[in-house]
Amino acid sequence: MPEPAVDWRSKGFWLPEGRLDLPADLFGGQFTWPLLVLRREAAEANIATMAAYCRRHGWEFSPHAKTTMAPGLLARQLAAGAWGMTVATANQALVLRRLGVPRVLIANEVLDPTTLRWLARETAAGWEVYFQVDSVEGVRAAAGAGPVRVLIELGHEHGRTGIRSAAAVEEVARMIAAAPEVQLAGLTAYEGQLRTEAEVDGFLDQVVAAFERLRAAGLLPERPVLSAGGSAWFDRVVERVKPVDATLVLRSGASVTHDDGFYRERTPFLRVPQEGPLAAALDLWAQIISVPEPGLALAGMGKRDAPFDEGLPVPMEIRRADGTYAATTGIEVTKLNDHHTYLSIADTSLVPGDLVRFGISHPCTAFDKWRHIPVVDDDRRVVDVLATYF
C-alpha cells in the first residue's frame, strides 16, 4: 500500500515548492514548528526490550496498535516477534487487515451487523481475528454473522467493559457453546484502571479462577488464549498469571515509545529494573513566540499538537537561534490552549525564536494528532517519516 505523500499538507513539514529530501537536518529549513519527532534508536530499543521480556517469561506479545496506528512501527514490532496486534475498533481492524497483519485482537465487543458480517467473511477467508464479548447481546449479535472467534472479557467493579463475575462468564460461555458458528477462543481482561498492586493482584487472581472454571466445565478449546496487560502493570500480569496453561498474550501498547510523564512514573520496570528499561522516544519541538511579561513565555503549540489528558508536556531542552543548547531549569508548562502553551519561566531566560524540546505524557493521545512524523537518529538527522492511519 503506497504511503500518503509528504508535502505541503503535512503539519510540521515546510515544503511549499517540493517534496522532502532525506536525510535532512531537523533544523535545516524543511521543517517548521511545532513538530513531533520519533527518536529511532529509542523506539527500536523499546521494541527489542518488550520482545525479549515476553520471550523470557513465556508470553506472546500483541501490542495495542491504537497507540501509534503507524505501519512503520507495527511492521517493526511484528518483525521483532509480536504474535499479533491489538486494536480498539473495527475501523482499526480494517486498516490492519489491509496492511497485511496476520493476527488481530479487537479489544472490545463488536455489535454492528455490517462489521460482524465483514469479520465473519474475513475469518472464513483465513484471517485470524478475535473480538471480545461481555454480554448475551454480544453473543447473539455474533451468532448471526457467520464464523467468528471471540474472547470473553472479565471486568472489575467500577472498571471499564467486561463481565463482572465468574458465574456470569460461564453463563456467556455456555451460550457461545450453543452457537455453532461462534468459537470461544479464551478469556481476556484489562487491569490498567486499578490503582494499587494489591488491587491488580486480586483482580488477576479472579481472572485465573474464571479461566480455570471455564476449563473445568469443558468450555475452552484445546489451546485457549488468555490475554491481559496494559502498560502500567504488565509485570504483575506476568507474575500472577504464569501458572496458567494457555497461549498467554500481553497487550501493552504504550511501551513502543514510552514517555516523559505518565508512563515514566508508572512503568513496571520501576518495580523490576533488571527487566528493562524503556526510553522516551517522542519529542515535541515548539518555538517561543511571545514573552509578554516577566515569568511568562508562550510556545506555539497546543492541544491540537500535544497530548494533555494524562499530564502536560515536559520542557526538556532549549535550542537557541544560534544553535547552542541550554537547560530548562525553572521552566514548567502550566496550561495549554488550542495553539498556545503557557510556560512559567521563573529565572530562566527565554526569548522569542528559541526552540524548546518537550517530552510528552501519554503516547496513546500523541500520534493521532500527526499525519506524518519525522524519524530522527541520534544526531537529529531526519532519516525516515512515519505515516499514521487514524
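Author: Buried means under 20% relative accessible area, exposed over 50%, and partly exposed in between, with a 1.4 Å probe and protein chains only. Helices (H or I, at least four residues) and strands (E, at least two) are DSSP runs numbered from the N terminus. This is a predicted model, in which local features need pLDDT of at least 70 and side-chain atom pairs count only at pLDDT 80 or more, while totals for chains, interfaces and linings use all residues. Residues are numbered from 1 along each chain as its sequence is written, and side-chain values use heavy atoms, with hydrogens and water left out.

Reader: Which residues of helix H2 are buried?

Author: Helix H2 covers residues 71–79. Its buried residues are Pro-71, Leu-73, Leu-74 and Gln-77.

Reader: What covers the buried residues of H2?

Author: Contact means heavy atoms within 4.5 Å. What covers these residues includes strand E2 (35–39), helix H1 (40–57), strand E4 (85–87), helix H3 (90–99) and strand E19 (381–387).

Reader: Which residues of H3 are buried, and why do they line one face?

Author: In H3 the buried residues are Gln-92, Ala-93 and Leu-96. They line one face of the helix because, seen down the axis of H3, they fall within an arc of 100°.

Reader: Which residues are exposed on the other side of H3, and what do the buried residues of H3 pack against?

Author: On the other side, the exposed residues are Asn-91 and Arg-98. The buried residues of H3 pack against H2, E4, strand E5 (103–109) and helix H4 (113–124).

Reader: What is phi of the glycine that follows H3, and of the one just after H2?

Author: H3 is followed by Gly-100, with a positive phi near 90°. Just after H2 comes Gly-81, where phi is positive and about 115°.

Reader: At what angle do the axes of H7 and H8 cross?

Author: Axes are lines fitted to C-alpha atoms, for helices over the stretch in contact, and angles run from 0 to 180 degrees between N-to-C directions. The axes of helix H7 (residues 197–216) and helix H8 (residues 234–241) come within 10 Å and cross at roughly 40°. That angle makes H7 oblique to H8, since angles under 35 degrees count as roughly parallel, over 145 as roughly antiparallel, 65 to 115 as roughly perpendicular and the rest as oblique.

Reader: Which residues make the contact between H7 and H8?

Author: From H7 come Glu-197, Val-200, Asp-201, Leu-204, Asp-205 and Val-208. From H8 come Arg-236, Val-237, Arg-240 and Val-241.

Reader: Where is His-258, and is it buried or exposed?

Author: His-258 lies in the loop between strand E10 (247–250) and helix H9 (262–266). Its phi is positive, near 55°, in a residue other than glycine. At 6% relative accessibility, His-258 counts as buried.

Reader: Is His-158 buried or exposed?

Author: His-158 is in the loop between strand E7 (148–154) and helix H6 (166–177). It has a positive phi of about 65° although it is not a glycine. With a relative accessible area of 73%, His-158 is exposed.

Terms used
The arc is that of the directions from the helix axis to the C-beta atoms.
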